[in-house]
Amino acid sequence: PILSASGIKPIGKVIMGTVKGDLHDIGKNLCNMMLRGSGFEVIDLGVDTSADEFIDAIEKHKASVVGMSALLTTTMPNMGKTIEAFIDADLRDEVYFMVGGAPVTPEFADDMGADAYGDNAVECVEVAHRVGVGRVHHVEHREAGLVAGDEHVRPANFVVVNHCLPVRRPRPNSSIDVDGLTPGSGLVTGP
């Protein structure tokens with residue numbers, strides 16, 4: 001609310017939803033809250049979100065990141081189905097996918113074709129910054145008195161060195177290049 005009232009632009013836009021068949025949203029809601037508190041605009045699609053709803057939201061809101069959550073192991077494969085739907089719609093190279101939820105692992109994220117994995121809401125924000133969404137407006141934040149200096153905000157090229165936050169390597173033929181990170185190009189882990 002303080003960022004909105006001050007007229008500061010969001011640092012990025014994220015589409016968030018719990019995948020089809022899953023009605024659990026506490027973890028997703030915590031991620032939404034943390035993302036908003038970090039300056040991101042979040043479009044929350046709620047629970048039981050179909051692949052088509054994710055695609056429609058990306059097209060409508062022109063976001064570059066989709067966050068998917070699942071609590072049930074039976075609904076986890078819907079993350080992969082959603083990513084496949086983006087491939088079928090010829091949108092995969094335009095979107096970063098970050099996934100999380102209690103049963104989700106980095107290995108599962110990689111198998112499903114996700115770009116990044118976060119273990120909790122704090123890591124969700126770190127991942128969002130890491131995949132290039134966090135285009136922070138340093139001057140605007142400082143002028144509004146919201147931060148003391150650059151150490152409190154991360155530029156788009158800031159990379160967190162943490163083995164818990166895998167992110168994909170750039171793919172040479174991808175149409176997006178955000179400071180060397182591109183969607184859909186292979187999970188790597190930290191040091």
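Is Phe108 buried or exposed? Phe108 is buried, with a relative accessible area of 14%. The model is predicted. The chain has seven helices and seven strands. Of its 191 residues, 48% count as buried.

**Overall layout**

- Along the sequence, the elements follow the pattern α-β-α-β-α-β-α-β-α-β-α-α-β-β.
- Take the contacts between residues at least 6 apart in sequence: 68% of them join residues at least 24 apart.

**Phe108 and its surroundings**

- Phe108 sits in helix H5, which spans residues 106-112.
- Setting aside neighbours within four places in sequence, Phe108 is in contact with Met76, Pro77 and Met79.
- Met79 is 29 residues from Phe108 along the chain, and their C-alpha atoms are separated by 9.8 Å.
- Phe108 counts as buried because its 14% relative accessible area falls under the 20% cut-off.

**Helix pair H3 and H4**

- Two packed helices are described by the angle between their axes and the distance between the axes.
- For H3 (residues 51-61) and H4 (residues 77-88), the angle is about 50 degrees and the axes are 9 Å apart.
- That angle makes H3 oblique to H4.
- The crossing of H3 and H4 is right-handed.
- On the H3 side, the contact involves Ala51, Phe54, Ile55 and Ile58.
- On the H4 side, Lys81, Thr82, Ala85 and Phe86 meet them.
- By class, this contact has six nonpolar residues, one polar and one charged.

**Thr82 within H4**

- Thr82 is found in helix H4.
- Thr82 counts as buried, at 3% relative accessibility.
- Beyond residues up to four places away in sequence, Thr82 touches Ala51, Phe54, Met68 and Phe97.
- Ala51 and Phe54, two of these partners, are also among the H3 residues that meet H4.

**The aromatic pair**

- How many aromatic pairs does a search of the whole structure find? The search finds one.
- The pair is formed by Phe86 and Phe97, and its geometry is edge-to-face.
- The ring centres are 4.9 Å apart, with 85 degrees between the planes.
- The pair links distant parts of the chain: Phe86 belongs to helix H4 and Phe97 to strand E4, 11 residues apart.
- Phe86 is buried, with a relative accessible area of 0%.
- Phe97 is buried as well, with a relative accessible area of 1%.
- Phe86 also takes part in the contact of H4 with H3, while Phe97 is touched by Thr82.

**Helix pair H2 and H6**

- H2 covers residues 26-37 and H6 covers residues 121-130.
- Their axes come within 8 Å and cross at roughly 50 degrees.
- H2 is therefore oblique to H6.
- The H2 and H6 crossing is right-handed.
- H2 contributes Leu30, Cys31, Met34 and Leu35 to the contact.
- H6 contributes Ala121, Val122, Cys124, Val125 and Ala128.
- Which classes do the residues of the contact of H2 with H6 divide into? The contact has nine nonpolar residues, no polar and no charged.

- Gly12 lies in the loop between helix H1 (2-5) and strand E1 (13-18).
- Gly12 is buried, with a relative accessible area of 14%.
- Gly12 and Ala128 are 116 residues apart in sequence.
- In space, their C-alpha atoms are 8.6 Å apart.
- Ala128 is one of the H6 residues in the contact with H2.

- Most residues other than glycine have a negative phi.
- Asp48 has a positive phi, near 55 degrees.
- Asp48 is found in the loop between strand E2 (41-44) and H3.
- Asp48 counts as partly exposed, at 29% relative accessibility.
- Asp90 also has a positive phi, of about 60 degrees, although it is not a glycine.
- Asp90 lies in the loop between H4 and strand E4 (96-100).
- Asp90 is exposed, with a relative accessible area of 70%.

Note on methods
Residues are numbered from 1 along each chain as its sequence is written. This is a predicted model: local features need pLDDT of at least 70, side-chain atom pairs count only at pLDDT 80 or more; totals for chains, interfaces and linings use all residues. Side-chain values use heavy atoms; hydrogens and water are left out. Axes are lines fitted to C-alpha atoms, for helices over the stretch in contact, and angles run from 0 to 180 degrees between N-to-C directions. Helices (H or I, at least four residues) and strands (E, at least two) are DSSP runs, numbered from the N terminus. Angles under 35 degrees count as roughly parallel, over 145 as roughly antiparallel, 65 to 115 as roughly perpendicular and the rest as oblique. A crossing is left-handed if the near helix is turned anticlockwise from the far one by less than a right angle, and right-handed if clockwise. Contact means heavy atoms within 4.5 Å. Ala, Val, Leu, Ile, Met, Phe, Trp, Tyr, Cys and Pro count as nonpolar, Asp, Glu, Lys and Arg as charged, and the others, Gly among them, as polar. Buried means under 20% relative accessible area, exposed over 50%, partly exposed in between (1.4 Å probe, protein chains only). Rings of Phe, Tyr and Trp (its six-membered ring) pair if their centres lie within 6.5 Å; planes under 30 degrees apart count as stacked, over 60 as edge-to-face and the rest as tilted.
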